[in-house]
Amino acid sequence: MSAAAARVVDLLREAGQTVATAESLTGGLVTGALTDVPGSSDVLVGAVVAYAPEVKVRLLDVPAELLAVEGVVSQACAEAMAEGVRRLLGTDWGVATTGVAGPGRSDGHPAGTVHVAVVGESGRTHRALHLDGDRDTVRSSTVELALRLLEGVLLSVLSVPGGTVEVSELDVSG
């Protein structure tokens, strides 16, 4: 079980808030990490695996024009996916992953190019990542970084009783 996923579930539960995920390159792995945590059903509402661009448009309301201009491997796409799943499933928070897991390039981007976004009522947070490693490494690193990004956002905006939570950095240098 991911320690970051456990901390996210605890933070959300204590705050009485919910989350949904929209995943492309991670194909449901972020959701899987959250569901590995006992009690995650208190906070995780659902997920959309939007691997194909048409699914991003049809289910998550990502504007087709945005994809035509920015592409699926972009900050704009990640943020639109996070907002779309949040709105679709009626949650406090939306988390999205999009990018290129590899082994080769996609849409002109090299493997390891990843965008992760967290969207909530308080705003949007995005991280552009350039990860080294094979397909499995890129995907597993993305899951951990998405959960840590969500955790960081939650710690910065939620007033959670019970003291402080220690957050460590993940080495993504490969």
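**Close-up 1. Strands β3 and β4, side by side.** In this predicted model, strand β3 (residues 93-99) and strand β4 (residues 113-120) run antiparallel and are joined by seven bridges. Helices and strands here are DSSP runs, H or I of at least four residues for helices and E of at least two for strands, numbered from the N terminus. Two strands count as paired if DSSP finds at least two bridges between them. Look for Ala 96, whose bridge partner in β4 is Ala 117. A word on bookkeeping: residues are numbered from 1 along each chain as its sequence is written, and side-chain values use heavy atoms, with hydrogens and water left out. Local features need pLDDT of at least 70, and side-chain atom pairs count only at pLDDT 80 or more, while totals for chains, interfaces and linings use all residues.

**Close-up 2. From β4 on to β5.** Here β4 and β5 run antiparallel, with eight bridges joining them. Ala 117 turns up again, and its bridge partner in β5 is His 126.

Close-up 3. Contact means heavy atoms within 4.5 Å.

**Close-up 4. Helix α1 against helix α6.** Helix α1 (residues 3-15) packs with helix α6 (residues 135-157) at an angle of about 30°, their axes 9 Å apart. That makes α1 roughly parallel to α6; angles under 35 degrees count as roughly parallel, over 145 as roughly antiparallel, 65 to 115 as roughly perpendicular and the rest as oblique. The two cross in a left-handed way, which is the label if the near helix is turned anticlockwise from the far one by less than a right angle (right-handed if clockwise). From α1 the contact takes Ala 4, Ala 5, Arg 7, Val 8, Leu 11 and Leu 12, and from α6 it takes Glu 144, Leu 147, Arg 148, Leu 150, Glu 151, Leu 154 and Leu 155. Sorted by class, that is nine nonpolar, no polar and four charged residues. Ala, Val, Leu, Ile, Met, Phe, Trp, Tyr, Cys and Pro count as nonpolar, Asp, Glu, Lys and Arg as charged, and the others, Gly among them, as polar.

**Close-up 5. Helix α3 against helix α5.** Helix α3 (residues 53-60) meets α5 at an angle of about 40°, with axes 9 Å apart. That makes α3 oblique to α5. The crossing of α3 past α5 is left-handed. On the α3 side you'll find Lys 56, Leu 59 and Leu 60, facing Cys 77, Ala 80, Met 81, Gly 84, Val 85, Arg 87 and Leu 88 of α5. This contact divides into seven nonpolar, one polar and two charged residues.

Close-up 6. Gly 102 and Pro 103 are joined by a cis peptide bond, with omega about 20°. The phi of Asp 107 is near 50°, a positive value in a residue other than glycine. Over in the loop between α3 and α4 (64-70) is Asp 61, with a positive phi near 60°.

Close-up 7. The protein chain averages a pLDDT of 92, and 91% of the residues score at least 70. Over residues 163-174, though, the pLDDT is below 50, and this stretch has 19 contacts in the model beyond near neighbours in sequence. The pLDDT is the predictor's confidence in each residue, from 0 to 100.

Note on methods: Axes fitted to C-alpha atoms, helices over the stretch in contact; angles between N-to-C directions.
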